[in-house]
Amino acid sequence: MYKFVIKGGKKLSGNVVVSGAKNASLALMPASLLSPGTFRIDNTPDLRDVTTMSQLMESLGAKVSLKGKLQVIDTTGVEKFEAPYELVKKMRASIYVLGPLLGRYGYAKVSMPGGCAWGPRPVNLHIEGMEKLGAEVTLDSGYIIARAKKLRGARINFDVSSVGATGNIMMAAVLAKGTTVISNAALEPEIVALGEFLEKMGAHIEGLGTPTVTIEGVEDLSPADFENIPDRIEAGTFLVAGAMAGGRVKVSNCKPADLTSLLVKLEGAGAKLETGKDTITIEAPGQIKPVDVSTAPYPGFPTDMQAQWIAFMALATGSSILTETIYFDRFKHVPELVRLGADIEVKENIAIVKGVKSLKGAKVMSTDLRASASLILAGLVAEGTTEVLRIYHMDRGYERMEEKLRGLGADIERVQSDEF
Ligand code: EPZ
């Protein structure tokens with residue numbers, strides 16, 4: 001087990017390079033199950049979740065390697081179609097194998113994902129979508145068992161905008177017989193990237209990045225190479241770090257257009273921003289102005305930036321309200337931020353953040369991926385030393401975080417810890 005030991009108060013400045021998008025990789029990898037052969041996916045991040053997805057795909061018979069940023073996947077030997085609980089419980093995105101296995105092999109047995117730190121995360125939209133495509137789905141001893149001779153195109157509407165369900169249904173529909181129309185489809189850049197990858201494999205998809213995606217099923221697909229998109233949440237996390245810890249921070253290898261809602265809020269808080277083709281430079285505000293935020297599906301303010309924003313607003317010159325509309329109880333980071341001296345009150349899915357003059361270092365515990373990011377950001381500016389425990393959560397979604405922060409001037413060490 002490891003913890004981060006952070007000595008707060010160091011100004012951050014310099015350049016940080018963003019890695020490939022975790023939430024795109026976790027969809028691109030299972031998409032390769034739709035066709036036998038060798039796929040090369042560049043700009044793949046070296047993360048715990050990517051390793052978990054690799055283990056899952058290898059348990060199905062695929063071969064997966066990552067050399068630097070180049071991931072090579074060989075799906076010729078895929079001969080199993082079951083995603084075991086041991087792997088799915090580590091990562092909810094494992095459910096992404098359901099669509100491609102069902103679409104290509106007509107059978108999939110996938111463990112129901114467990115809950116996560118912030119509560120239940122249902123998969124009803126995934127299951128209902130597969131049934132609409134003609135699959136017979138049963139739930140048995142914690143497993144989703146889906147069968148279909150041949151999936152048939154269908155009209156599918158999601159009551160709730162769902163990144164995962166949109167991706168899963170797209171991967172099932174590309175080999176279905178006939179036309180599938182998905183309405184209220186997710187617009188997230190990671191889903192657009194998945195669609196572009198499927199198109200490179202020979203799929204016929206219209207409307208990517210719009211609420212209505214139309215898929216003409218094809219007989220079969222072929223292997224393809226792809227360059228993963230930058231991770232907009234990692235980029236956003238470093239922008240908030242720059243806004244909190246002062247100085248000028250340049251975030252490179254990112255897509256400014258993917259971050260518009262966050263950039264508007266950062267400017268509202270008083271930060272100065274300059275954007276280039278694939279860079280964003282942030283100048284920290286002298287004083288942090290309080291800015292209310294309500295999370296929403298893309299292109300709204302990302303729920304995956306909510307915890308980081310609360311850490312930022314903890315030091316504002318007034319009160320701000322953060323409304324979480326995607327996951328109502330995604331606030332496990334709040335009690336830990338309060339241990340650092342933040343003044344935050346949570347009522348149902350709303351956090352009221354009263355800015356304080358300063359935070360004071362303490363020992364705090366990560367509970368999930370973005371919560372750990374928020375605690376690290378707070379530790380960067382807290383007086384004295386902050387120890388962030390259980391940073392295995394952080395390793396799921398941030399590549400070499402401490403190295404990148406040290407490169408900006410932070411005093412942060414990864415230390416062995418048997419504290420649980
Ligand atoms: C993806 O999760 C991301 N994960 C999450 O990022 C992100 O928080 C989330 O989208 C929302 O943007 C990956 O892409 C691997 P959803 P996903 O289906 O697909 C409800 C991170 O930090 N819902 O878009 O699981 C659900 O409860 C992770 O990188 C149903 O009701 O999210 C939620 O309220 C955390 N039924 C809303 O939809 C379903 O069948 C959005 O969830 C599916 C979802």
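The model is predicted, with local features needing pLDDT of at least 70, side-chain atom pairs counting only at pLDDT 80 or more, and totals for chains, interfaces and linings using all residues. Residues are numbered from 1 along each chain as its sequence is written, and side-chain values use heavy atoms, with hydrogens and water left out.

Helices (H or I, at least four residues) and strands (E, at least two) are DSSP runs, numbered from the N terminus. On the H8 side of the contact (heavy atoms within 4.5 Å) sit Ile233, Thr237, Val240, Ala241, Met244 and Ala245, and they meet Arg370, Ala373, Leu377, Ala378, Leu380 and Val381 in H12. Sorted by class, this contact has ten nonpolar residues, one polar and one charged. For the sorting, Ala, Val, Leu, Ile, Met, Phe, Trp, Tyr, Cys and Pro count as nonpolar, Asp, Glu, Lys and Arg as charged, and the others, Gly among them, as polar.

H8 also packs with helix H9 (residues 260-268), at an angle of about 5 degrees and with the axes 11 Å apart. That makes H8 roughly parallel to H9 as well. Gly236, Leu239, Val240 and Ala243 in H8 meet Leu262, Leu263 and Leu266 in H9, a contact with six nonpolar residues, one polar and no charged ones.

Back to H12: this helix lies across strands E1, E22, E23 and E24, running at about 30 degrees to E1. Those four strands form an open sheet in the order E22-E23-E1-E24, with mixed pairing. At its edges are E22 (363-365) and E24 (411-416), each pairing on one side only, and the twist averages 25 degrees from one strand to the next. Two strands pair if DSSP finds at least two bridges between them. Within the sheet, four bridges join E1 (residues 2-7) to E23 (residues 385-389), which run antiparallel, and Phe4 has Val388 in E23 as its bridge partner.

Elsewhere, strand E9 (residues 143-147) has four of its five residues buried, so it is largely enclosed by the rest of the structure. Buried means under 20% relative accessible area, exposed over 50%, and partly exposed in between (1.4 Å probe, protein chains only). Five bridges join E9 to strand E7 (residues 107-111), antiparallel, with Ala108 standing opposite Ala146 in E9. Another five join strand E8 (residues 136-140) to E9, again antiparallel. E8 and E9 form a hairpin with two residues between them, and Ser141 in the turn has a positive phi of about 45 degrees.

Helix H4 (residues 98-105) has six of its eight residues buried, so it too is largely enclosed by the rest of the structure. Its buried residues are Leu98, Gly99, Pro100, Leu101, Leu102 and Gly103, and their cover includes helix H1 (22-31), E7, helix H5 (124-132), E9 and helix H6 (163-173). Just after H4, Gly106 takes a positive phi of about 75 degrees.

Methods:
Axes fitted to C-alpha atoms, helices over the stretch in contact; angles between N-to-C directions. Parallel < 35°, antiparallel > 145°, perpendicular 65-115°, else oblique.
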